[in-house]
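Please prepare a briefing on the aromatic contacts, backbone features, strand pairing and helix packing of the structure shown below.

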Amino acid sequence: MSILNEKENKTKVEVKQVSGRIGAVVTGIKLTGSLDEETTKIVENALLKHKVLFFRNQTHLTDSEQEAFARLLGEPISHPTVPVKEGTKHILELDSDKGGRADAWHTDVTFTIDYPKITILRSVKVPEFGGDTVWANTVEAYEHLPESLKTLAQQLWAVHSNDFDYAARRPTAKKEAVERYKNVFASKVIETEHPVVRTHPETGEQTLLLGSFVKRISGLSSSASAHLIALFQEYITKLENTVRWQWQEGDVVIWDNRATQHYAINDYEGAHRVMSRVTLKGSIPYNIVGEESKPYS
Ligand SMILES: O=C(O)CCC(=O)C(=O)O
Ligand SMILES: [Fe+2]
């Protein structure tokens, strides 16, 4: 077959927006570590535009092939406290039987200073019902703030920490999950002060940087902090600002972790759900006037 014919036979790549403010389904791409440059660029550009990309039928992927694909978009990094899945370089396995139920609105690993720019999540085992994930667009959330709240948000800084009261937030969590949180996830306390409004380093857009790792707003009482966080989170998680995905086995979802928050719905009780996650190295955030995040101690 000539090169020309091969090109003609190539499946057409399509990027189809699926809701008003966030998310697109991508078809015609088989994700592998040897994806060509042109297709990789399509994925990168679509991600900056839509913030979350959904790919069905990627059942060919193994952990190592997922890592190989991830390397095309950036530098894979391991979680700072949770050990990587055995036999892999950087994969974080989220197993519902081991407390892997991320049922709080968050951006990944924001307690670190240069938290991941992108997350690539693959469904390995999905429950018969439930277990959807929802993403929210933090650029659109900022854009939809009234001017007075934009001005307020721009002046705020927040302390993000991996040391929060896990058990109080999840009164029904199993003892094993609470222990795992304490002994693994928060084994080493990591805290960072980030601006509440982060300038996206690639698009220049303003994003709201909050989520469940926020301990408090700098300089405010815990009560005032809680009110303000709730106020901004309300704009972030407004349903019009979100997209919800019903997983099938072998789906891959890629999100821009600098422009989104997400929530894994914990509505499948004892059923088993397993996900494989790779995160890519991010950069230190800065705000509209160029002030950078700093370690907090
Ligand atoms: O389990 C999910 O759907 C999402 C889990 C999560 O928060 C993550 O992978 O970062
Ligand atoms: Fe997450």
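Is F54 buried or exposed? F54 is buried, because its relative accessible area is 0%, where buried means under 20% relative accessible area, exposed over 50% and partly exposed in between, computed with a 1.4 Å probe on protein chains only. This is a predicted model, in which local features need pLDDT of at least 70 and side-chain atom pairs count only at pLDDT 80 or more, whereas totals for chains, interfaces and linings use all residues. Residues are numbered from 1 along each chain as its sequence is written, chains are lettered from A and ligands numbered from 1 in the order in which they are written, and side-chain values use heavy atoms, with hydrogens and water left out.

**Aromatic pairs**

- A search of the whole structure finds six aromatic pairs; rings of Phe, Tyr and Trp (its six-membered ring) pair if their centres lie within 6.5 Å, and planes under 30 degrees apart count as stacked, over 60 as edge-to-face and the rest as tilted.
- One of them joins F54 and W245, which are stacked because their ring centres are 4.2 Å apart and their planes stand at 15 degrees.
- This pair links distant parts of the chain, with F54 in strand β3 (residues 52-55) and W245 in strand β13 (residues 242-245), 191 residues apart; helices (H or I, at least four residues) and strands (E, at least two) are DSSP runs, numbered from the N terminus.
- W245 is likewise buried, with a relative accessible area of 8%.
- F111 and F213 form an edge-to-face pair, at 4.9 Å centre to centre and with 80 degrees between the planes.
- F54 and W245 belong to one aromatic cluster together with W135, W247 and W255.

**A charge over a ring**

- K294 lies over the face of W157, at 3.8 Å from the ring centre; a charge sits over a ring if NZ of Lys or CZ of Arg is within 6 Å of the ring centre and within 35 degrees of the ring normal.

- K51, in the loop between α2 (37-50) and β3, has a positive phi near 75 degrees although it is not a glycine, and K51 is buried, with a relative accessible area of 2%.
- N57, in the loop between β3 and α3 (63-71), has a positive phi of about 55 degrees, again in a residue other than glycine, but N57 is exposed, with a relative accessible area of 60%.

**Strand pairing**

- Three strands form an open sheet in the order β13-β7-β15 with antiparallel pairing, where two strands pair if DSSP finds at least two bridges between them.
- The edge strands of this sheet are β13 and β15 (260-264), each of which pairs on one side only.
- Strand β7 (residues 133-137) pairs with β15 in the antiparallel sense over five bridges, and V134 has Y263 in β15 as its bridge partner.

**Helix packing**

- The axes of helix α5 (residues 147-154) and helix α8 (residues 222-237) come within 12 Å and cross at roughly 125 degrees; axes are lines fitted to C-alpha atoms, for helices over the stretch in contact, and angles run from 0 to 180 degrees between N-to-C directions.
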